Amino acid sequence: MGSQADPPERRDVELVDAGDGRRLERFGSRLVDRPAAIALGPRLAPSAWTAIDLRYDASDGWTGSADRSEPWTVEVRGLTLELRATASGGVGLYPEHAANLAWLEARVRERLSGSPSRGSGAPGEDAPAVLNLFAHTGLATLAVARAGAAVAHVDAARASIAWARRNAALSGLEDRPIRWLVDDARAFVEREGRRGRRYAGFVIDPPSFGRAESGRWSLRDDLGALLDACGRVAAEDAFVLLTAHTTGLDPEPMLDAVARAFGRRPGEPTAQRLALAAESGAILELGWAIRLA
Ligand SMILES: C[S@@+](CC[C@H](N)C(=O)[O-])C[C@H]1O[C@@H](n2cnc3c(N)ncnc32)[C@H](O)[C@@H]1O
């Protein structure tokens, strides 16, 4: 072992423990206790649960010693994000998504290093175009924009777009080539198809249920058609990250749908679990990430 070992990475956001149907997470200065139906076992670090700042229950909403109307900030992979206690029990960040950022950044850099006028210095020149659908508060948008991509950031909720723009400003990335689009994911992709646009990369993070221009969005019923529409606006070697924060989902149909939509062989996309692991030993399995490089 070398004597110059890197110091352990300080994590601003971490799962502290889980159990008895709840998850305990540190989000920067705040320790947050929320429901987690999949945390079936007992708590492994019971003493950690005594100092919580915010607690969410579907029946009582947010309680705890911290001011729940006040936003606060955290650092994730060098990006600064504003968090808020939202009415639905979220905080504006899905921490399990962060494990995909290094992979996404690497895909953008690969495409930049293959570009003919690399290094010309103009911001956005030859930037690979990345489409981020269901882009929420912008974690993936900011990571790929910082790596050099030009991003179309699409979310149906105006408030999410405003929040993502604040995160861009907090992270010093407000001058990056990002198009902020309040739109329905599928309607937007189909319009891009009619305009003849092509994308080098896709980040697709649909909820289990949501709203859609056509009525209601359902992951199970609507994902195939959305992926097919994405395939029609994809460059030949486009990269794809499809994540589903839906527990109990079988990744095989998602793998097949990605391979079919993007014209690759079955087996080419790979599936990774979206999971969080705590130092206490607790593990939360929160869905799947499908990657196509
Ligand atoms: C699961 S969250 C995305 C999580 C996010 N990518 C992250 O890691 O922080 C779902 C997002 O999809 C948006 N949404 C729901 N239905 C939509 C639709 N039909 N078109 C576009 N965005 C939609 C919601 O407004 C919300 O911001």
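Let me start with contacts along the chain. Among contacts in the protein chain with a separation of 6 or more, 59% are between residues 24 or more positions apart. Please keep in mind that this is a predicted model.

Now the overall picture. The protein chain has 16 strands and six helices. Its radius of gyration is 19 Å, and the globule rule gives 19 Å for 293 residues, so the chain is as compact as a globular protein of that length. Along the principal axes, the C-alpha atoms fill a box of roughly 55 × 50 × 40 Å. As for burial, 41% of the 293 residues count as buried.

Next, a pair of helices. How do the axes of helix 4 and helix 5 cross? Helix 4 covers residues 185–194 and helix 5 covers residues 219–232; their axes come within 9 Å and cross at roughly 25°. Angles under 35 degrees count as roughly parallel, and therefore helix 4 and helix 5 are roughly parallel to each other. Their crossing is left-handed. On the helix 4 side, the contact is made by Ala185, Arg186, Val189, Glu190 and Gly193. On the helix 5 side, it is made by Ala225, Leu226, Ala229, Cys230 and Arg232. Sorted by class, the contact of helix 4 with helix 5 has six nonpolar, three charged and one polar residues.

Now two residues with a positive phi. Aspartate 20 is not a glycine, yet its phi is positive, at about 55°. You will find aspartate 20 in the loop between strand 1 (13–19) and strand 2 (22–27). Aspartate 20 has 13 C-beta neighbours inside 10 Å, so it counts as partly exposed.

Histidine 136 is the other one on my list. Its phi is near 55°, again a positive value in a residue other than glycine. Histidine 136 sits in the loop between strand 8 (129–133) and helix 2 (139–147). Is histidine 136 buried or exposed? The cut-off for buried is 20 or more other C-beta atoms within 10 Å. Histidine 136 has 23 C-beta neighbours inside 10 Å, so it counts as buried.

Last, a glycine. Where is glycine 78? Glycine 78 is placed in the loop between strand 6 (72–76) and strand 7 (79–83). Exposed means 12 or fewer other C-beta atoms within 10 Å; glycine 78 has 11, so it is exposed. Compared with alanine 259, glycine 78 is 181 residues apart in sequence, and the two are 33 Å apart in space, C-alpha to C-alpha.

Definitions and conventions. Residues numbered from 1 in each chain as written. Predicted model: local features only at pLDDT ≥ 70, side-chain atom pairs only at ≥ 80, totals over all residues. Helix = DSSP H or I, 4+ residues; strand = E, 2+ residues; numbered from the N terminus. Rg over C-alpha atoms; globule rule 2.2 N^0.38 Å. Contact = placed C-beta atoms within 7 Å. Axes fitted to C-alpha atoms, helices over the stretch in contact; angles between N-to-C directions. Parallel < 35°, antiparallel > 145°, perpendicular 65-115°, else oblique. Left-handed = near helix turned anticlockwise from the far one by under 90°. Nonpolar A, V, L, I, M, F, W, Y, C, P; charged D, E, K, R; others polar.
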